[in-house]
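Colleague: I am new to this structure and would like a close look at a single part of it, the open sheet. Could you take me through that part slowly, after a few words on the whole?

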Amino acid sequence: MKVLKYLFILMCLSSLAYADKNIKIGSLGKENEVSRVIKVIMYDNYYVPNSFQIKAGETIKFEVENAGELVHEFNIANKMMHIKHQPEMEKMVENEILFADSIDKDKMKKMSKMDKTMGHSHSNSVLLEPKKKGDIIWKFDNAVNIEVACNVPGHYQAGMIAKVNIK
Ligand SMILES: [Cu+2]
């Protein structure tokens, strides 16, 4: 019996990992399909609101404002994608593209010609300097483990995460 239980737990764990890797996080939405606008304010290091209730299939326009004193990201993904994205952000810091409170956009453009990851052009993300605003339109699929998070080095670890509940 013990072995069976162990096997069952193992199967659950591996299917979870599998689901996370192949999960659909949704897709870039179209302006004319927007069913709801949600205003989000980013502070150091949290979001207001800090959770979102979404209906599966809904297209949301997030109007994001950075009211903090640091650069922040509004990135819609699952945990695994966030963790994967973090070294890219670290590389942007190392290459002096991303600073605590600013982004060197000229350098970002130049570097992205050599290394695509340096361009930070992800459809599921907006990266904003303090006092800047940005929009992101996202069509949500019925998915689990979706979270909005900031992957500027240290911020995810500091808890800059907003839960997304899709029903
Ligand atoms: Cu942040």
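**The open sheet and its setting**

Modeller: The secondary structure of this protein, which is a predicted model, comes to 3 helices and 10 strands, and these elements follow one another along the sequence in the pattern α-β-β-β-β-β-β-α-α-β-β-β-β. The part you ask about is an open sheet of 5 strands, in which the pairing is mixed and the order is β1-β8-β5-β2-β3. At its edges lie β1, residues 27-28, and β3, residues 46-48, each of which pairs on one side only.

Among contacts with a separation of 6 or more, 76% are between residues 24 or more positions apart. The protein exposes about 10,000 Å², with carbon and sulfur atoms supplying 58% of that area.

A word of care belongs here as well: the average pLDDT is 89, and 86% of the residues score at least 70. Over residues 14-22, however, the pLDDT is below 50, and this stretch has 4 contacts in the model beyond near neighbours in sequence. Where pLDDT is low, the predicted coordinates should not be read in detail.

Conventions. Residues numbered from 1 in each chain as written. Predicted model: local features only at pLDDT ≥ 70, side-chain atom pairs only at ≥ 80, totals over all residues. Heavy atoms only, no water. Helix = DSSP H or I, 4+ residues; strand = E, 2+ residues; numbered from the N terminus. Contact = heavy atoms within 4.5 Å. Areas by Shrake-Rupley, 256 points an atom, 1.4 Å probe, with all protein chains shown as cover. pLDDT = per-residue confidence, 0-100. Pairing = 2+ DSSP bridges.
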